[in-house]
Amino acid sequence: MKKFIYWVPALVWMGIIFYSSSTPYEEQNVKPLLGNWFDLSGLIPLFEGVSFTYHHSEISVENLGIAGFIEFFIRKGAHVTVFLVLTVLIYYALRKTTRQTYQWSISIAWLATLVYAISDELHQGITPNRTPYYGDVFLDGIGGLIAIVLISIGYYFRHRN
């Protein structure tokens with residue numbers, strides 16, 4: 001039972017992710033905040049030539065406005081960051097509660113993160129005004145890989161001779 005305490009941060013973080021995925025897009029929209037609190041007009045010349053497609057939608061300043069364009073990157077950056085943190089928390093819990101090797105722990109932490117990312121997207125499929133998209137799972141996995149790189153750098157410096 002004492003070891004369970006090491007899993008609490010990861011479980012709480014998963015709960016936060018679940019809650020966030022349960023919230024309709026309109027309640028998470030930060031465009032009004034960006035537009036009302038910041039003068040983003042100076043960024044328009046920097047990004048007005050940028051255009052690409054993500055999940056069947058054109059992502060461009062012309063299509064979304066500068067606030068919507070910036071919000072897109074904030075939201076996708078959140079995917080990477082949130083799942084980076086989840087990977088670190090799962091890795092930490094595994095290292096504290098098992099006697100497995102570093103390689104096993106890091107692999108299971110990343111795989112568990114991917115499984116949770118997939119389940120998160122499936123959950124969004126039943127949430128009003130949200131849609132699941134495999135591209136978001138890819139971003140979540142990238143966040144997990146960044147965590148692995150950071151953990152590996154720390155591991156290397158702690159265990160080098």
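In which handedness of crossing does α5 pass α6? The crossing is right-handed, a term for a near helix turned clockwise from the far one by less than a right angle, left-handed being anticlockwise. The model is predicted, with local features requiring pLDDT of at least 70 and side-chain atom pairs pLDDT 80 or more, while totals for chains, interfaces and linings use all residues. Residues are numbered from 1 along each chain as its sequence is written, and side-chain values use heavy atoms, without hydrogens and water.

**View 1. Packing of α5 and α6.** The two helices (DSSP runs of H or I, at least four residues, numbered from the N terminus) meet at an angle of about 135 degrees, with axes 8 Å apart. Axes are lines fitted to C-alpha atoms over the stretch in contact, and angles run from 0 to 180 degrees between N-to-C directions.

**View 2. Buried residues of α6.** Helix α6 comprises residues 102-124. Its buried residues (under 20% relative accessible area, 1.4 Å probe, protein chains only) include Tyr-102, Ile-106, Thr-113 and Asp-120. The buried residues of α6 pack against α1 (8-22), α5 (61-97) and α7 (134-159).

**View 3. Surroundings of Tyr-91.** Neighbours within four places in sequence aside, Tyr-91 is in contact (heavy atoms within 4.5 Å) with residues including Ser-105, Ala-109, Ile-151 and Tyr-155.

How values were computed
Expected span 1.5 Å × (residues − 1). Buried < 20%, exposed > 50% of the residue type's maximum accessible area, 1.4 Å probe, protein only.
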